[in-house]
Amino acid sequence: MEHKKIVIPSLSFFQDELKGEGVVKSRRTLGELAGIFENQDAYSQLPLDQLAYEVYSYLPEREGTPGGLYFGITQLYPGKVGDEYFMTKGHFHQQEDRSEYYWGLEGEGMLILMDRERNTWAERMMPGSLHYIPGGVAHRVANTGNSVLSFAACWPSDAGHNYEEIANKGFSARLVEVDGTPKLR
Ligand SMILES: O=P(O)(O)OC[C@H]1O[C@H](O)[C@H](O)[C@@H](O)[C@@H]1O
Ligand SMILES: [Fe+2]
């Protein structure tokens, strides 16, 4: 009998940094988040090249492969635009029925979720928190603390990102700081 050799790359995440062959790193600056924050005056006062978050991804198969899984670690920097926390762009999946796991590694934050009926809710993220994001639910993360918020994610490789709807219409509620605590408004 012939055995097909399966090559398992050695991957690791120490200090929330994903390492290994094939890991790619991408970054998003505040300039790339234009339009997502409510307070345009506050936004225009921040440098466009300021780093908002970095994503380490391990994408072993090309997008579109059924059954494949992707893995990523996002490091979201602390900060606010007016009373709104720094946050990720946010997206639905292109393939509506594709789900995802997020889990907290370091720092404090909130996972903001919105279903197809535009109901928005949020879950607290902290080291060890685990979040199941069902298909058809848009997701975005806000850093509500004073240090880096780091979280991991695992999602189907054929999920795809649909940014358009969130870019155009946003979420139906915003996470803002009220008297020192995060509130959905
Ligand atoms: O894509 P964004 O909404 O900017 O979020 C940033 C990233 O967060 C996680 O790592 C997700 O698994 C990625 O798929 C996503 O790209
Ligand atoms: Fe996603």
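Predicted model: local features only at pLDDT ≥ 70, side-chain atom pairs only at ≥ 80, totals over all residues.
**Stop 1: the iron ion.** Select ligand 2, the iron ion, and show what holds it. You'll find His91 (NE2), His93 (NE2), Glu100 (OE) and His139 (NE2), at 2.0 to 2.3 Å. Try the angle tool next: the 4 donor atoms subtend angles of 85 to 161°, which makes the arrangement irregular. Along the chain, the donors follow the spacing H-x1-H-x6-E-x38-H. Glu100 sits in strand β9 (residues 100-106) and His139 in strand β13 (residues 138-143), so this pair ties together parts that are 39 residues apart in sequence.

**Stop 2: His139.** Now click on His139. Is it buried or exposed? It's buried, with a relative accessible area of 1%. Glu100 is buried too. Look at what the His139 side chain does: there's a polar contact with the side chain of His91 (2.9 Å), and the backbone oxygen of Val137 is reached at 2.9 Å. Show the surroundings and you'll see that His139 also touches other residues, including Tyr102, Leu111, Ile133 and Phe171.

**Stop 3: strand β13.** Select residues 138-143, which make up β13. Ala138, Arg140 and Ala142 point one way, while His139, Val141 and Asn143 point the other way. Here 6 of the 6 residues are buried, so β13 is largely enclosed by the rest of the structure.

Technical notes
Residues numbered from 1 in each chain as written. Chains lettered and ligands numbered in written order. Heavy atoms only, no water. Donors = N, O, S within 2.8 Å, 3.2 Å for Na, K, Ca; no water. Tetrahedral: all angles 85-135°; square planar, octahedral: opposite > 155°, others 65-115°. Helix = DSSP H or I, 4+ residues; strand = E, 2+ residues; numbered from the N terminus. Buried < 20%, exposed > 50% of the residue type's maximum accessible area, 1.4 Å probe, protein only. Polar contact = N/O pair within 3.5 Å; in protein donor to acceptor, adjacent residues only side chain to side chain. Contact = heavy atoms within 4.5 Å. Lists of a residue's contacts leave out its neighbours within four places in sequence.
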